[in-house]
Amino acid sequence: MTTTELLRANLLSPIVLSFALGIMARVVRSEFALPKDIYLGISIFLLWALGLQGGIELRHSPLQAIAGPAVVTILLGCLTPVSAYLVLKRIGRFSAADSAAMAAHYGSVSAVTFIAATTFVKSQGMEAEGFMPTLLTLLESPGIAVALAIGAVQTNTGGRPVREVLHEVLTGRTMVLLLGGLMVGFLIGDQNWQVIQPFYDTKGAVFRGLLCLFMLEMGVTAGARLGDLKKVGGFLLGFGMIMPLLHGALGVWLGHIAGLSIGGATVLGTMAASASYIAAPPAVRLTLPQANPTYYLTSALVITFPFNLLVGIPVYFQLARWLGGTP
């Protein structure tokens, strides 16, 4: 599949089109909206399923081979949300909540972009390491947790102690579901996982179907605040292209240091450069409900996602080749 075909297939996927329909519904002033309790239930399910699946992937990874790459991946998960937050807050002049919300998306990872990078390196006659899906899992939670912690501290207008605010974030629903699910998935083993896999498999029909409903509601929420985009559209466009290149270069370099192959370094760089629109939105919505979804969904889904597919991945690949000493 060519890059153009991959881009077309993903932009025309039910998930993306559900988000677009939600925006359209709001633009035409439809009364549609998901009841709050249903939306909350879907958010809980999505985060729990992501945690469980991550634990299963982690269980299958050999410790000796993955130790070095795992360390740099977790480091990336801490550095990328902080850098994104500082740029958005100090240069973009966004509010603390909006900066943290977008930082959570850029600190996390897009599974679809990961698949695109894996496909690309294979088309170039190379292979990434087999444990790359585990690194994908390890990159999910730290980026979200760090960004949400920053957002919670910075938006703490009630004057509560920082320790109390951080405790609330780290023990809140989002972290319990993601990190708790990771531990449960790691411990239950393959036999127990097979029993519940049809329901919780993140590649399965149940997860994807509920994700469509979630994105539909997110579209409605984003559509209600489309006017805000006019104020910062130019900055978001630049941020959505420049920040991935910086994060991607950092990811490739750290992957090279950790001993990854050219293909593996390319995929890790792509993961660092990507912006999540599956795991991050429900986490952000639960923890930072005041953040504007028009900003974080537009930058992640409309700008960074296609940019990485068309431009970013080939750039990260060439950088990995250069660092690997391949002309």
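Buried means under 20% relative accessible area, exposed means over 50%, and partly exposed covers what lies in between. Keep those cut-offs in mind on this tour. The model is a predicted one.

**Stop 1: L79**

Select L79, in helix α4. Is L79 buried, partly exposed or exposed? Its relative accessible area is 38%, so L79 counts as partly exposed. L79 and V146 are 67 residues apart along the chain, and their C-alpha atoms are separated by 9.0 Å.

**Stop 2: the largest pocket**

Move to the largest pocket. Its volume is about 690 Å³. Select A111, L136, E140, T202 and K203: of the 30 lining residues, these lie nearest the pocket centre.

Next, colour the helices around the pocket. Which of them each supply at least two residues of the lining? They are α1 (3-11), α3 (36-59), α6 (111-123), α7 (132-154), α9 (173-200) and α10 (205-223). Highlight α6, which gives the most to the lining, with 6 residues.

Then colour the lining by residue class. How many of its residues are nonpolar, polar and charged? The division is 15 nonpolar, 11 polar and 4 charged.

**Stop 3**

A117 has a relative accessible area of 0%, so it is buried. Draw a distance from A117 to G233. The two residues are 116 apart along the chain, with 27 Å between their C-alpha atoms.

Go on to helix α3 and pick S43, which has its place there. Buried or exposed? S43 is buried, because its relative accessible area is 0%. Draw a distance to R173. In sequence, S43 and R173 are 130 residues apart; in space, their C-alpha atoms are 10.0 Å apart.

**Stop 4: G269**

Jump to helix α12, residues 262-273, and select G269 within it. G269 counts as buried, because its relative accessibility is 0%. The sequence separation of G269 and N156 is 113 residues, and the C-alpha to C-alpha distance is 34 Å.

**Stop 5: two arginines in loops**

Select R29, in the loop between α2 and α3. Check its backbone: phi of R29 is near 65°, a positive value in a residue other than glycine. R29 is exposed because its relative accessible area, 77%, is over 50%.

Now select R93. Where is it? R93 is found in the loop between α4 (63-91) and α5 (96-107). Phi of R93 is near 60°, again positive in a residue that is not glycine. Is R93 buried or exposed? R93 has 69% relative accessibility, so it counts as exposed.

**Stop 6: a nonpolar surface patch**

Finish on the surface. Select L21, M24, V27, V28 and L226, which form a nonpolar patch there. Together they have about 460 Å² of accessible area.

Zoom in on M24, one of the patch residues. M24 sits in helix α2, residues 14-27. Why does M24 count as exposed? Its relative accessible area is 51%, and the cut-off for exposed is over 50%.

Technical notes: Residues numbered from 1 in each chain as written. Predicted model: local features only at pLDDT ≥ 70, side-chain atom pairs only at ≥ 80, totals over all residues. Heavy atoms only, no water. Patch = residues over 30% accessible without salt bridge, like charges linked within 9 Å, V, L, I, M, F, W, Y side chains within 5 Å. Areas by Shrake-Rupley, 256 points an atom, 1.4 Å probe, with all protein chains shown as cover. Salt bridge = Lys/Arg side-chain N within 4 Å of Asp/Glu carboxyl O. Helix = DSSP H or I, 4+ residues; strand = E, 2+ residues; numbered from the N terminus. Buried < 20%, exposed > 50% of the residue type's maximum accessible area, 1.4 Å probe, protein only. 1 Å grid on protein atoms, 1.4 Å probe; cavity = no way out; pocket = protein on both sides within 12 Å on 5 of 7 lines; lining within 4 Å. Points joined across faces, edges and corners; volume = space filled by probe spheres on them. Nonpolar A, V, L, I, M, F, W, Y, C, P; charged D, E, K, R; others polar.
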